[in-house]
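Keep the structure open while reading.

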Amino acid sequence: MKKILTVTFSPALDKSTSVENIVPDHKLRCTEPVFEPGGGGINVSRALKKLGCDSIAIYAKGGYTGTMLKQLLDEEEIIQHPINTQRPTRENFIVVENATNLQYRYGMPSPELSVDEVKMFMDAFRSYEDVGYIVVSGSTPKGVTSDFFIQLSGYCFSNGIKLIGDTSGQMLKTMIQHGVYLIKPNFKELCELSGKDIKNVNEQVEAAQKILSDYSVHIIVVSLGASGAMLVSSNEVHHVGAPSVKRKSTVGAGDSMVAGMVYALVHGWPLQEVLKFGIACGSAATMNSGTQLCKKQDVELLYNWLKQQ
């Protein structure tokens with residue numbers, strides 16, 4: 001099987017805890033904190049590992065938080081290629097209020113990457129042979145410019161690598177302009193890419209198809225939250241609703257969905273099954289608290305249910 005590389009420019013050390021009630025100006029007694037590795041591409045690699053598929057996580061690592069992040073990934077037996085940076089890896093903080101079961105998520109800003117550090121990412125890609133997929137997921141910090149994504153798109157095209165982008169803003173626009181195999185915008189991002197105020201399912205399909213015809217994209221998967229997701233390619237359109245599950249946390253659900261789709265693509269599944277398996281993985285992730293991502297047994301149960309619909 002060809003190698004899968006995941007890319008995380010802005011990883012995080014995720015800390016999660018819970019309190020009975022969140023009250024201002026009071027000292028709140030928290031439960032024992034849980035530390036987990038976080039960041040888009042890292043979560044994709046972690047979810048792929050849970051599904052029984054190895055990948056190589058390429059990510060920025062700095063300071064004591066970066067060291068702890070690497071140790072946590074070592075414990076999960078994730079194959080890694082850390083890019084050492086001068087600035088420390090950021091931290092995120094997640095608090096669940098037990099009385100309401102509401103989740104409060106505090107995301108710290110991404111540290112800027114230097115020109116040399118960004119170059120090391122491209123050097124890392126080139127150091128691997130027989131690569132089938134490069135998955136870029138998560139936020140893009142200062143220092144990572146549009147020129148980098150143009151260079152990455154060209155590298156993937158020249159080497160027959162399928163580039164998957166789960167990012168947003170200008171970087172997502174750059175990727176569709178210069179070549180990407182699959183993107184996963186949400187509904188709002190689809191509206192932004194199409195420049196239209198989309199009002200119904202037919203307009204969603206039309207907007208996705210126009211992006212496919214106007215730009216260099218092969219597959220668009222639009223995540224629709226509780227409504228599931230829609231997949232559009234040059235000759236296929238599929239919409240699959242999300243299964244009803246008891247949600248504990250939405251952290252990492254999108255990354256789990258990407259991991260599920262990559263797993264299915266690597267194994268040559270039809271696109272409709274790619275979408276179903278991705279939705280099963282994303283839904284399974286919401287069944288767990290904190291940032292635990294999906295569990296294989298939950299994925300299998302939900303996927304079997306979706307196949308029968």
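**Briefing: sheets and helix packing**

Strands β6 and β7 make a hairpin, with four residues between them. In the turn, N101 has a positive phi of about 60 degrees. The model is predicted.

- β6 and β7 run antiparallel and are joined by six bridges. V95 has Y104 as its bridge partner in β7.
- β2 (residues 12–19) and β6 (residues 90–97) run parallel, with eight bridges between them. K15 has F93 as its bridge partner in β6.

**The nine-stranded sheet**

- A second open sheet has nine strands in the order β5-β4-β1-β8-β9-β10-β11-β12-β13. Its pairing is mixed.
- β5 (79–84) and β13 (237–240) stand at the edges with a single partner strand each, so one side of each has no neighbour in the sheet.
- Neighbouring strands here are turned against each other by 20 degrees on average, direction ignored.
- β8 (residues 131–137) and β9 (residues 162–166) pair in the parallel sense over five bridges. In β9, K162 is the bridge partner of Y133.
- Helix α7 (residues 201–214) packs on this sheet and touches β11 (217–223), β12 (229–232) and β13. The direction of α7 makes about 150 degrees with that of β11.
- Helix α8 (residues 253–266) also packs on the sheet. It touches β1 (3–8), β8, β9, β10 (180–183), β11 and β12. The direction of α8 makes about 165 degrees with that of β9.

**Helix α4 against helix α5**

- α4 (residues 146–158) and α5 (residues 169–178) pack at about 30 degrees, with their axes 9 Å apart.
- That angle makes α4 roughly parallel to α5, because angles under 35 degrees count as such.
- The crossing of α4 and α5 is right-handed.
- α4 brings S146, F149, I150 and S153 to the contact, while α5 brings Q170, M171, T174, M175 and H178.
- By class, this contact of α4 with α5 has four nonpolar, five polar and no charged residues.

**Helix α9 against helix α10**

- The axes of α9 (residues 271–286) and α10 (residues 296–307) come within 8 Å and cross at roughly 135 degrees.
- This makes α9 oblique to α10.
- The crossing of α9 and α10 is right-handed.
- On α9, the contact residues are E273, K276, F277, I279, A280, C281, S283 and A284. On α10, they are D298, V299, L302, Y303, L306 and K307.
- By class, the contact of α9 with α10 has nine nonpolar, one polar and four charged residues.

**Aromatic pairs**

- The whole structure holds 11 aromatic pairs.
- One of them joins F125 and F148, which lie 6.3 Å apart centre to centre, with 55 degrees between the planes. The pair is tilted.
- It links distant parts of the chain: F125 sits in helix α3 (residues 115–126) and F148 in helix α4, 23 residues apart.

How values were computed. Residues are numbered from 1 along each chain as its sequence is written. This is a predicted model: local features need pLDDT of at least 70, side-chain atom pairs count only at pLDDT 80 or more; totals for chains, interfaces and linings use all residues. Side-chain values use heavy atoms; hydrogens and water are left out. Two strands pair if DSSP finds at least two bridges between them. Helices (H or I, at least four residues) and strands (E, at least two) are DSSP runs, numbered from the N terminus. Axes are lines fitted to C-alpha atoms, for helices over the stretch in contact, and angles run from 0 to 180 degrees between N-to-C directions. Angles under 35 degrees count as roughly parallel, over 145 as roughly antiparallel, 65 to 115 as roughly perpendicular and the rest as oblique. A crossing is left-handed if the near helix is turned anticlockwise from the far one by less than a right angle, and right-handed if clockwise. Contact means heavy atoms within 4.5 Å. Ala, Val, Leu, Ile, Met, Phe, Trp, Tyr, Cys and Pro count as nonpolar, Asp, Glu, Lys and Arg as charged, and the others, Gly among them, as polar. Rings of Phe, Tyr and Trp (its six-membered ring) pair if their centres lie within 6.5 Å; planes under 30 degrees apart count as stacked, over 60 as edge-to-face and the rest as tilted.
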